[in-house]
Amino acid sequence: MLDKVKELIGDVQTFQATTKEEVEAFRIKYLGSKGLLKGLFAEFRNVDAEFKKDFGQALNNLRNAAEGKVAELNEALESAVEEKGVYEDLTRPSEPIELGSRHPISIVKNQIIEVFNRIGFTVSEGPEVEDDWHNFTALNLPEYHPARDMQDTFFIEKNPDTLLRTHTSSVQVRYMEQNEPPIRTISPGRVFRNEDISARAHCIFHQVEGLYIDTDVSFADLKQVLLYFTKEMFGKSKIRLRPSYFPFTEPSAEVDIYWGLETETDYRITKGTGWLEIMGCGMVDPNVLKNCNIDPTKYSGYAFGMGIERIAMLLYQIPDIRMFYENDVRFLEQFKSVL
C-alpha cells in the first residue's frame, strides 16, 4: 500500500495540463469527496501499527503534492491567458493614439521658407512688441503717415511710442543694423493691425517679408526671384507687376499671378480676370538704407512681402480667414496628411 502511495506522488509531480478542465478533473480525482485520497485515508485504519506512521506521512505528502500541483497549474494557465491577450499578435496596431497635425499657417510658412532657403535666404526673427523707430521711422514712414493712426495700429503706450508691430519689416531694419551687406534674409512672423474682423480680414495675421542687399542689385533680379517663387509655390510662372506705392521701396509694385479661369472658384477669387494679387515688392528706398547705416551709393536692394493666410487660402481653397483662429478640430484634422 505504501508503494502505491509513493507511485501516486510521482504521478502527481509529473502531471501537466493545458486547460482548466484538465486541472479540475485532476483535482476531483485526487482531492474530491470520492477521490483517491479519501479512499486511502479510509484504509488507514486497516494498516498495521508498525506502518501507520510511514503510511500517514506518505498520505500527507500526497495530499500536499496534489494541492500544490492544482494551485501551480491554475496560476500558470491564468498567466498564459493574460500574456496571450497582451502579446499574442505583436504585429497588431498599438493602442489608438490620436495624431495631431500642423496648422495650415505653419505648413505654408515652412513651404515658403524652404523655397527661399534653396536660393540662399536665411531666416531672421524679431520682437512682436516694437518701438516707433524700427516699425515706422527707419522705414521712411513720416510722423503724419496714416499707418501711425490709432485706427490702424495697436499702441501699447506713448512717450515713447510702443506698439504691436504692423509688419515684419521691423525685423529687416534690425537685421540691417546688425549685419553688413551682402544681406539675404526672409522674416516670417505674426503682425497686428486694428482692422474689423471679417471673412477676408483679421486683426492678427502672418507675413513673410524678404530682403536682399548687395552691390548692383536691380529690379530684374527681383523679378527673377519672384518668378522662381511662384513656380515653386504654385506651379505657375506667369506673373505681372503693377506700379504701386510703399514708403520703404521705390519703385514699388504689386505682384499678380495668373491663376487661370478653369473652375467657378477661379472666377470667384479672381473676379473673372484670372489674375490674383499675392504680394507687394520694390527696390529698397535709399533713405531706409541710410537709416540703417548702409551706404546707398554703394549698395542697393529689393524687398517683398506676402501674407501667409492669403497664400494658404489660395492653396487649400479656404473661404474664411477666421477659420485659421477658431481652433475647430474638424477643420484642423483635414491637414493630417500634409507633411
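## Helices, salt bridges and backbone exceptions in a predicted model

K109 sits in helix 5, where helices (H or I, at least four residues) and strands (E, at least two) are DSSP runs numbered from the N terminus. The structure is a predicted model, in which local features need pLDDT of at least 70, side-chain atom pairs count only at pLDDT 80 or more, and totals for chains, interfaces and linings use all residues. Residues are numbered from 1 along each chain as its sequence is written, and side-chain values use heavy atoms, with hydrogens and water left out.

K109 is partly exposed, with a relative accessible area of 29%. On this scale, buried means under 20% relative accessible area, exposed means over 50%, and partly exposed lies in between (1.4 Å probe, protein chains only). Leaving aside residues up to four places away in sequence, K109 touches P188 and I308; contact means heavy atoms within 4.5 Å. The C-alpha atom of K109 is separated by 67 Å from that of E22, and the two residues are 87 residues apart along the chain.

I308 belongs to helix 11 (residues 308–316), whose buried residues are I308, E309, I311, A312, M313 and L314. The cover over these buried residues includes helix 5 (104–117), helix 8 (219–234) and helix 9 (264–269), together with strand 6 (204–214), strand 9 (275–284) and strand 10 (300–307).

Helix 7 spans residues 169–178, and its buried residues are S169, S170, V171, Q172, V173 and M176. Among the elements that cover them are strand 2 (129–131), helix 6 (132–135), helix 10 (286–291) and strand 10. Strand 5 and strand 6 are also included in this cover.

What does E130 pair with? E130 forms a salt bridge with R174, with the closest N and O atoms 2.8 Å apart. A salt bridge is a side-chain nitrogen of Lys or Arg within 4 Å of a carboxyl oxygen of Asp or Glu. Because E130 lies in strand 2 and R174 in helix 7, the pair ties together parts that are 44 residues apart in sequence. E130 is buried, with a relative accessible area of 2%, while R174 is partly exposed at 23% relative accessibility.

### Other charged residues

The whole structure holds 12 salt bridges.

| Pair | Closest N to O distance |
|---|---|
| E130 and R174 | 2.8 Å |
| K158 and D161 | 3.2 Å |

In the K158 and D161 pair, K158 is exposed at 52% relative accessibility.

K69, in helix 4 (residues 49–87), is buried yet has no salt bridge. The nearest side chain of opposite charge to K69 is E72, 4.0 Å away; Lys and Arg count as positive and Asp and Glu as negative, while His and the chain ends are not counted. K69 touches V12, Q13, F15, Q16 and F26, residues up to four places away in sequence not being counted.

### Backbone exceptions

Most residues other than glycine have a negative phi, and most peptide bonds are trans. N159 and P160 are joined by a cis peptide bond with omega about 0 degrees, and P160 is in the loop between strand 3 (155–157) and strand 4 (162–164). A cis peptide bond also joins E250 and P251, again with omega about 0 degrees; P251 is placed in strand 8 (residues 249–258).

N293 lies in the loop between helix 10 and strand 10 and is exposed, at 72% relative accessibility. Q317 is not a glycine, yet has a positive phi of about 55 degrees. Q317 follows helix 11, in the loop between helix 11 and helix 12 (329–332), and is partly exposed at 39% relative accessibility.
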